[in-house]
Structure formats: C-alpha cells, structure tokens
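Open the model in your viewer and keep the selection tool at hand.

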Amino acid sequence: MKNKSTVAAIVMSLAVSYYCSETKAGDPGRAGQAGASELLIDPWAGSSGFADANTASVQGIEAQYLNVAGTAQSTHTEVILASTDYMVGSGIHISEAGFCQPIGEGAIGFSIMSMNLGTINMTSYDYPDGGIGTFTPQLINIGVSYARHFSDFIYGGVNIKLIDESISNVHTFGAAIDAGIQYVAGHDKNIHFGISLKNVGPAMSYDGDGLSFKTISNTNPLSAPSTSNPNSYTQTAQQGSQSFELPSLVNIGAAYDFYLAKDSGTKSVHRLTVAANFTSNSFTEDQEMIGVQYAYKTYFSLETGYMYQTGNWDALSTNPTDGGRVNAFTGFCAGATLQYSFGKKHTIVGISYSYRATNPYQGCNTVGLKLDL
C-alpha cells in the first residue's frame with residue numbers, strides 16, 4: 001500500500017512539473033487566446049463561497065471541479081443540484097447536477113453543467129439590426145470521474161470532461177482531463193495538502209453550416225462572374241475556423257483544521273478551517289486564494305474567502321497588457337450551508353448559498369440542494 005502511495009505521488013508530481021515547464025503560466029498577453037472558458041466557472045455553492053481556496057480539503061462531488069481526489073473521501077451516496085444566477089443582470093444562468101457513489105476503496109462521480117446565455121437576435125451583413133430570427137447558445141460540460149484512497153492519508157483521482165458548445169448552425173465538441181491528489185496528515189487528520197491539474201486536452205475548433213458562404217464562379221474566364229451572366233453559377237464554400245486551446249491550469253493548496261471544542265472528548269463541535277490556494281493559469285494572470293470556514297458539527301457552516309489576481313483593485317480594462325483589471329470578479333466571496341440529519345439511516349438534507357462579488361453586474365448567486373443517503 002505504501003508503494004502505491006509513493007508511485008501515485010511521483011506520477012502526479014512529474015505531471016505537474018511537465019505542465020509547468022511546457023506552459024507559459026500567468027501571461028496576461030495570452031488572455032482571450034483559449035476557448036471553453038466555462039471550464040473556469042465553479043458551479044457549486046460550497047467551494048465558490050470559499051473562493052476556491054479549499055483545493056486541499058474539498059470533499060464529495062463538489063471536489064470534481066476543484067480537485068477530483070476529494071471525491072474519494074465520500075462515505076455516502078451524494079446528490080447535489082445547483083443553480084447559479086451568473087453576473088446578475090447579464091441574463092446568464094447555470095444549472096448543475098452531480099452524483100457521487102462510494103465503491104470499494106474509491107468513489108465514482110458524474111456531473112453535468114448547462115449554461116444558458118439567453119436568446120440572442122440574429123444579424124447579418126444585410127440585416128445588421130436583426131429581425132431575421134433568434135438563436136440560443138448552448139454550453140454543456142459533462143464530467144465522469146473515479147478517485148480512490150491509496151492509503152489512510154493519500155487520495156488520488158481522474159476526471160474526464162466532455163465539452164459541447166453550439167448555436168443553431170455552428171458546433172464544437174472536445175474532451176479534457178483533470179487529475180488530482182490530496183494528502184491528509186496530523187493526529188486528527190487536520191492538516192491538508194492538495195494539488196490538481198485541470199483542463200488538459202487537445203485543441204478544439206468549430207464547424208457547421210454557419211461557416212459556409214456562397215461564391216459566384218464563371219465558366220468563361222474572359223467574362224466577369226455575376227448573377228446576370230449566363231456563364232456564371234453559384235456554389236457554396238466551407239471555410240475552416242481557427243482552433244483554440246483549453247484553459248489548462250494547476251491548483252496547489254493547503255488547509256488546516258482547528259478543533260475548538262469536542263463533545264465527550266471525541267466528536268468535534270466547533271471547527272475552524274483556514275485554507276489557501278495558488279492557481280497557475282496558462283492563459284491569464286495567476287491567482288491566489290485564501291478562505292476561512294467555521295462549522296458547527298455537521299449542521300451548519302459559514303465560509304468566506306478572497307481571490308486575488310493582478311489588477312483586482314484597478315478599474316476594469318479591455319487591454320490585458322496595460323495592467324488593469326481584466327476579470328469581472330473583484331475577489332470577495334462568502335457562503336453558508338445548513339444541513340439536517342433524520343431517519344434511522346441518518347439521511348442528510350442540506351441547502352447551500354454562495355455570493356461572489358463582481359464589477360460590472362451585481363455579483364453571482366449560487367444555491368445548492370444536497371442529499372446524502
């Protein structure tokens with residue numbers, strides 16, 4: 001078992017070292033060059049209220065987004081439904097559903113995220129003001145994961161993501177992989193370290209009828225092609241789209257649990273967790289997160305955090321090279337969870353809420369409903 005743990009840690013370390021050497025992390029000049037940016041949106045209330053600082057300590061199906069290794073710490077069947085009003089006032093809505101099931105020495109997870117950008121008017125060269133119909137962009141991400149514990153202290157996992165983006169006449173499909181490790185230490189298992197590699201996959205590109213156009217050719221090279229020329233004919237040509245990379249990144253985090261009081265000397269009553277995370281991005285500025293969570297037994301938790309990125313306190317800028325803020329998020333996050341256990345099987349029902357401050361718009365509100373069977 002110890003050998004397996006060592007091998008897992010070495011493999012993950014080598015993967016991260018390779019990633020860091022092959023990518024130009026934290027380069028603001030590359031902002032906007034990657035696609036599928038919905039992969040960078042945390043759809044869960046618990047971790048987003050923590051400012052995603054809990055890479056090292058996140059557990060359950062929510063861990064599939066931040067550090068898939070945390071799903072291996074699930075002890076019961078877990079189902080979560082979440083809904084996000086993203087950038088309040090923009091009309092963007094995110095729906096998420098997730099399922100996690102312990103199996104043997106590990107756990108499998110499944111999640112699906114759907115992003116609704118609303119209805120948009122169609123325009124064209126001839127009709128720049130619209131009036132020719134509407135379309136609805138569709139962004140869907142599906143995650144399938146497996147994680148296991150290699151020892152009492154080391155957990156590791158892999159998450160495979162399917163990415164689907166489309167409008168009425170243009171579509172793209174791709175895949176990415178995440179991998180993560182969590183290490184737990186201390187007499188009460190209150191020391192946490194975690195590292196995850198996310199969104200690694202081949203480049204994607206768009207295709208479909210929306211990229212086609214009509215051209216006029218002429219069978220007589222001595223005359224100019226036109227619709228009135230009997231020697232001219234119309235044909236449809238297909239143009240290719242430029243491929244784009246996925247927004248790959250590395251998370252490195254640590255957390256420490258302070259047990260403030262215990263019931264009968266064994267069961268924790270009050271817990272205070274301090275967590276920190278560093279995110280090395282391939283296509284934008286790096287990020288540092290810090291968060292604090294207070295929990296009363298398993299009934300209630302309250303968390304807050306801050307995400308810092310270069311320019312956080314500056315005015316919003318459209319030029320990533322001028323040092324201004326290029327992220328709508330201004331850093332502050334907060335959330336709360338209420339849970340209740342009932343029945344002989346101690347089924348747990350919980351509701352979570354998180355808020356993330358933004359400028360412009362009026363922040364992001366996420367509500368989640370959790371069921372532990």
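For the residue classes used on this tour, Ala, Val, Leu, Ile, Met, Phe, Trp, Tyr, Cys and Pro count as nonpolar, Asp, Glu, Lys and Arg as charged, and the others, Gly among them, as polar. Keep in mind that the model is predicted.

**Stop 1: the cavity**

Select Y65, E96, S111, N141 and K161. Of the 17 residues lining the largest cavity, these lie nearest its centre. The cavity volume is about 180 Å³. How many cavities of 30 Å³ or more are there? The count is one. Now colour the lining by class: eight residues are nonpolar, five polar and four charged. Then show α3, β3 (106–116), β6 (138–149) and β7 (154–166), each of which supplies at least two lining residues.

**Stop 2: the second largest pocket**

Move to the second largest pocket, with a volume of about 1100 Å³. It has 45 lining residues, and L40, Y86, Q287, N327 and F329 are the closest to its centre. Colour this lining by class too: 23 nonpolar, 17 polar and five charged residues. Which element gives the largest share of the lining? Select β16, which supplies four residues. Other elements that each supply at least two include α3 (63–66), β12 (249–263), β13 (267–281) and β14 (287–296). β15 (300–309) and β17 (347–358) also belong to that list.

**Stop 3: Q339**

Stay on strand β16 and pick Q339. Is Q339 buried or exposed? Its relative accessible area is 19%, so it counts as buried, the cut-off being under 20%. Show its polar partners. The Q339 side chain reaches the backbone oxygen of T298 at 2.8 Å. It also makes a polar contact with the side chain of K370, at 3.4 Å. Beyond its neighbours within four places in sequence, Q339 is in contact with T298, Y299, I348, V349, G350 and K370.

**Stop 4**

In soluble globular proteins, nonpolar side chains tend to be buried together. Select Y86, M87, I94, M115 and F329. In the largest nonpolar core, of 18 residues, these touch the most other members. β2 (92–103) and β3 are the elements that give two or more residues to this core. Apart from this core lies another, of 10 residues, among them V58, A63, Y65 and L66.

Two residues here have come up before. Y86 and F329 are also among the residues closest to the centre of the second largest pocket.

Now centre on M87. Leaving aside neighbours within four places in sequence, M87 is in contact with A328, F329, T358, Y361, G363 and C364.

**Stop 5**

Most residues other than glycine have a negative phi, and most peptide bonds are trans.

- Select N359 and P360: a cis peptide bond joins them, with omega about 15°. P360 lies in the loop between β17 and β18 (364–372).
- Select A51, in the loop between α2 (45–48) and α3. Its phi is positive, near 65°. A51 is buried, with a relative accessible area of 5%.
- Select N199, in strand β9 (residues 191–200). Its phi is positive, near 60°. N199 is buried, with a relative accessible area of 1%.

Key: Residues are numbered from 1 along each chain as its sequence is written. This is a predicted model: local features need pLDDT of at least 70, side-chain atom pairs count only at pLDDT 80 or more; totals for chains, interfaces and linings use all residues. Side-chain values use heavy atoms; hydrogens and water are left out. On a 1 Å grid over the protein atoms alone, a cavity is a set of points where a 1.4 Å probe fits but cannot get out, and a pocket is an open set with protein on both sides within 12 Å along at least five of seven lines; lining residues have an atom within 4 Å of a point. Grid points are joined across faces, edges and corners, and a volume is the space filled by probe spheres set on the points. Buried means under 20% relative accessible area, exposed over 50%, partly exposed in between (1.4 Å probe, protein chains only). A polar contact is a pair of N or O atoms within 3.5 Å; within protein, one must be able to donate a hydrogen and the other to accept it, and residues adjacent in sequence count only if both atoms are side-chain atoms. Contact means heavy atoms within 4.5 Å. A nonpolar core is a set of buried Ala, Val, Leu, Ile, Met, Phe, Trp, Tyr and Cys residues joined through side-chain atoms within 4.5 Å.
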